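Here are some exercises to work through with the structure open beside you. Try each task before reading its solution.

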Amino acid sequence: MEKFIYLDNAATTKTAPEVVEAMLPYFTEKFGNPSSVYSFASGNKDVITKQRETIADALGAKSNEIYFTAGGSESDNWALKATADAYKDKGRHIITTKIEHHAILHTGEYLEKQGFEVTYLDVDENGVVKLEDLKAAIRPTTILISVMFANNEIGTIQPIKEIGEIAHEHGILFHTDAVQAFGQVPINVDECQIDMLSASGHKLNGPKGIGFLYIRKGVKIRSFVHGGAQERKRRAGTENVPGIVGLGAAVSRAVRTMEERTAKETELRDYLISRVINEIPYTKLNGHKEMRLPNNANFSFRFIEGESLLIKLDMKGICGSSGSACTSGSLDPSHVLLAIGLPHEIAHGSLRLTLNEEITKEDIDYVVDSLKEIVSDLRSMSPLYEDFQKSEKKA
Ligand SMILES: *Cc1c(COP(=O)(O)O)cnc(C)c1O
């Protein structure tokens, strides 16, 4: 069989078979609209409530604090836009970071056009928000702090508990984009003083197009979609019953398997990192060494173009992702890699590999062996590398 090694689980994951199985009846025999009165359909209301409970339990929240959405981007949009609208009389200042997902960054830019002020905090060289900077950015008019739980590119996990504490000491709401962290790291919304949290099904072996926003009771929040009374009148539209059932099944699976799965992934991730760093010269690990997602490795290879690397990996049946930009249609490298201080040319030579529980040590060996060969080939064709070697010899 042809090799196929999927190491792009931060982009999306395979829907788990047990999740698909749980969903199937809700496309066919249980297709009813949960708002209908007859028992055939109204049973689906209880099914949705059950999923809300499963998700709330995973976060230490209450089920009526879980609002289903169409995914992480919608949850992020909702959290920022609705908070801005509901609290604008108190102030018009929002704090976030330079390394957020575009669903946050572009919503921030939109709000700036609406007359809000947004501070985008710098991060240190490991991608960690500096708490002193956060404190210094707070103004009497600050209404919201939004800091992602874990970064989707470099995997760095933020000091969320400390950030929540700072927010609440100042009476400021705290939102976190936990799309990457939820299902990989235990999260308790009370311990971390989180007021709003975004998550997405397809990043944790659930289906695409479904997610949720946790909104703490007492937070003033505006409706995001106007229409029917679904989601406590906050987000209208006939519920995506199969999606919600799939999300519930994915969350209960993620909770059940978290310890064993992440232990295995962490071990293989560290094996991958140590082999790459030790065996491929002029290579750097991006992101924090310890405070990072169990399945994330992100490297920069000097004298390498990330796009070429991805194409050559693809030819060997390996799926990865790059922080360089051609794929995203812009010439600048990833905003995250620039924010941790990588020069453009090094950021362009980056590779993100994100594991899942099916990856084996043999897979990792194959990937590292392939990488060594590809990096060496690409460098041998690089005039920059040639110049560099000449200058090394002189020195
Ligand atoms: C994937 C991702 C999103 C967007 O989620 P979708 O469900 O694809 O809309 C938002 N934030 C982070 C950190 C992500 O990784």
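A polar contact is a pair of N or O atoms within 3.5 Å; within protein, one must be able to donate a hydrogen and the other to accept it, and residues adjacent in sequence count only if both atoms are side-chain atoms. The model is predicted, so local features need pLDDT of at least 70, side-chain atom pairs count only at pLDDT 80 or more, and totals for chains, interfaces and linings use all residues. Residues are numbered from 1 along each chain as its sequence is written, and side-chain values use heavy atoms, with hydrogens and water left out.

**Exercise 1. The ligand**

Step 1: turn to the side chains.

Step 2: sort the shell. Its residues comprise two nonpolar, eight polar and three charged (Ala, Val, Leu, Ile, Met, Phe, Trp, Tyr, Cys and Pro count as nonpolar, Asp, Glu, Lys and Arg as charged, and the others, Gly among them, as polar).

**Exercise 2. Y67**

Decide whether Y67 is buried or exposed, and list its partners.

Step 1: Y67 is buried because its relative accessibility is 4% (buried means under 20% relative accessible area, exposed over 50%, partly exposed in between; 1.4 Å probe, protein chains only).

Step 2: beyond its neighbours within four places in sequence, Y67 contacts residues including R52, W78, F212 and E231 (contact means heavy atoms within 4.5 Å).

Step 3: the side chains of Y67 and R234 make a polar contact at 3.4 Å.

Step 4: I215 is 148 residues from Y67 along the chain, yet their C-alpha atoms are separated by 7.4 Å.

**Exercise 3. Positive phi**

Compare the setting of Y282 with that of F303.

Step 1: Y282, not a glycine, has a positive phi of about 55 degrees; for F303, also not a glycine, phi is near 65 degrees.

Step 2: Y282 is partly exposed, at 33% relative accessible area, whereas F303 counts as buried at 18%.
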